[in-house]
Amino acid sequence: MVDHTQQPTPVRSRVRLRWTTADIAVAAALGIAAGVVFWGFNFAYSSVSPILGGLLPGCASILHAVWYFSGTLAVLILRKPGSAVFVNLVGCAAEMLIGSSFSLGFVFLSAALQGLFAELPFALTRYRVFNLPISILSGVCTAIEYGIYLMLFRYQGVAFLSPRGIVHMVSEIIGGALIAGVCSWYLYLAIAKTGVLDRFASGRAVRAAVAADNR
C-alpha cells in the first residue's frame, strides 16, 4: 500500500502544494472524463433507482457516489489544495455542455461542496498522507455532506429520522466509502501503474512501491 508521510520543510511544502501547468492540464482532462461519466450515469441511475427504491426506499442512494468519486480521485492524483473542487467543477461543466436534466445552480453548488468535503481529510494531514484509509474517509465525508444536502434541498418531505431518511443516509455513506473511497483508490493505483503519472509525486510513489515489491 502506498503511504506518503514525508515531513517537508515550510519552503518545500509551499513548492509541493503549488499548482503547475501540468497539474492544471491533468485536472482539466480528469474533470472532462468525469463529466462524461456523470452524464452517462444519469441515464443508468434513472433506470435503476426506481427498482432499488421499490425494494427498499432510500437504498438507491448507495449509487450516488458515482457522481462524486472524482473529488477523492483528483486529490489522490494531484495532491494539491483545491484539486477536488477544480475537477468537480470542470466535470459538471462538461456534463452540462453534453446535456443534463439537473439545474445549473444545483449541480455547481453541489459539486463545489462535494469537492470541499472530499479534500477535508487530506487537508487535515496537510496533503502529506495518501492511503486507502484516508481515501475512504474522504468518500465518507463527501457522502455525509451530499446525503444531508439532498435531505435539505431535494428530499424536503423526508424526515432525517424516518425509515427512508435513515436508509438514505446509511446507503449514502456505504456508497461513499466503497465507490468514492475504495474504488477511487484502486483506480488511482491502476492509472499510476500505467506510467502516465510518472511526472507527478502520486505516480512516482506507486512506481517506487511496485519496484520495491519486485525486488
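Both Lys80 and Asp23 are buried, where buried means under 20% relative accessible area, exposed means over 50%, and partly exposed lies in between (1.4 Å probe, protein chains only). The side chains of these two residues meet in a salt bridge, at 2.5 Å from N to O; the term denotes a side-chain nitrogen of Lys or Arg within 4 Å of a carboxyl oxygen of Asp or Glu. Because Lys80 lies in the loop between helix 3 and helix 4 (83-98) and Asp23 in helix 2 (residues 21-55), the pair ties together parts that are 57 residues apart in sequence. Helices are DSSP runs (H or I, at least four residues), as strands are (E, at least two), and they are numbered from the N terminus.

This is a predicted model, in which local features need pLDDT of at least 70 and side-chain atom pairs count only at pLDDT 80 or more, while totals for chains, interfaces and linings use all residues. Residues are numbered from 1 along each chain as its sequence is written, and side-chain values use heavy atoms, with hydrogens and water left out.

**Salt bridges**

- Side chains of opposite charge can pair when their charged atoms come close.
- The structure holds two salt bridges.
- Besides the pair of Lys80 and Asp23, Arg207 forms a salt bridge with Asp198, with the closest N and O atoms 3.6 Å apart.
- Arg207 counts as partly exposed because its relative accessibility is 38%.
- Asp198 has a relative accessibility of 30%, so it too counts as partly exposed.

**Packing of helix 3 and helix 5**

- Two packed helices are described by the angle between their axes and the distance between the axes.
- The axes of helix 3 (residues 69-78) and helix 5 (residues 104-124) come within 8 Å and cross at roughly 35 degrees; axes are lines fitted to C-alpha atoms, for helices over the stretch in contact, and angles run from 0 to 180 degrees between N-to-C directions.
- This crossing is right-handed, a term for a near helix turned clockwise from the far one by less than a right angle, whereas anticlockwise is left-handed.
- From helix 3, Gly71, Thr72, Val75 and Leu76 meet Ala118, Glu119 and Phe122 of helix 5, contact being heavy atoms within 4.5 Å.

- Thr142 is found in helix 6 and is buried, with a relative accessible area of 0%.
- Leaving aside residues up to four places away in sequence, Thr142 touches Tyr68, Gln114, Phe117 and Ala118.

**Nonpolar surface patch**

- Twelve-letter detail aside, the patch includes Ile62, Ile144, Leu152, Phe160 and Leu178 among its residues.- The patch residues together have about 1,000 Å² of accessible area, with areas taken from the Shrake-Rupley method with a 1.4 Å probe and, for residues, only the protein chains shown counted as cover.
- Patches are made of residues with over 30% relative accessible area and no salt bridge, with like charges joined within 9 Å and nonpolar side chains (Val, Leu, Ile, Met, Phe, Trp, Tyr) within 5 Å.
- Helix 7 gives the most to the nonpolar patch, with five residues.
- Leu152 is found in helix 6 and counts as partly exposed because its relative accessibility is 46%.

**Positive phi in loops**

- Arg79, although not a glycine, has a positive phi of about 60 degrees.
- Arg79 is found in the loop between helix 3 and helix 4 and counts as buried at 5% relative accessibility.
- Tyr127, in the loop between helix 5 and helix 6, has a positive phi near 55 degrees and counts as buried at 8% relative accessibility.
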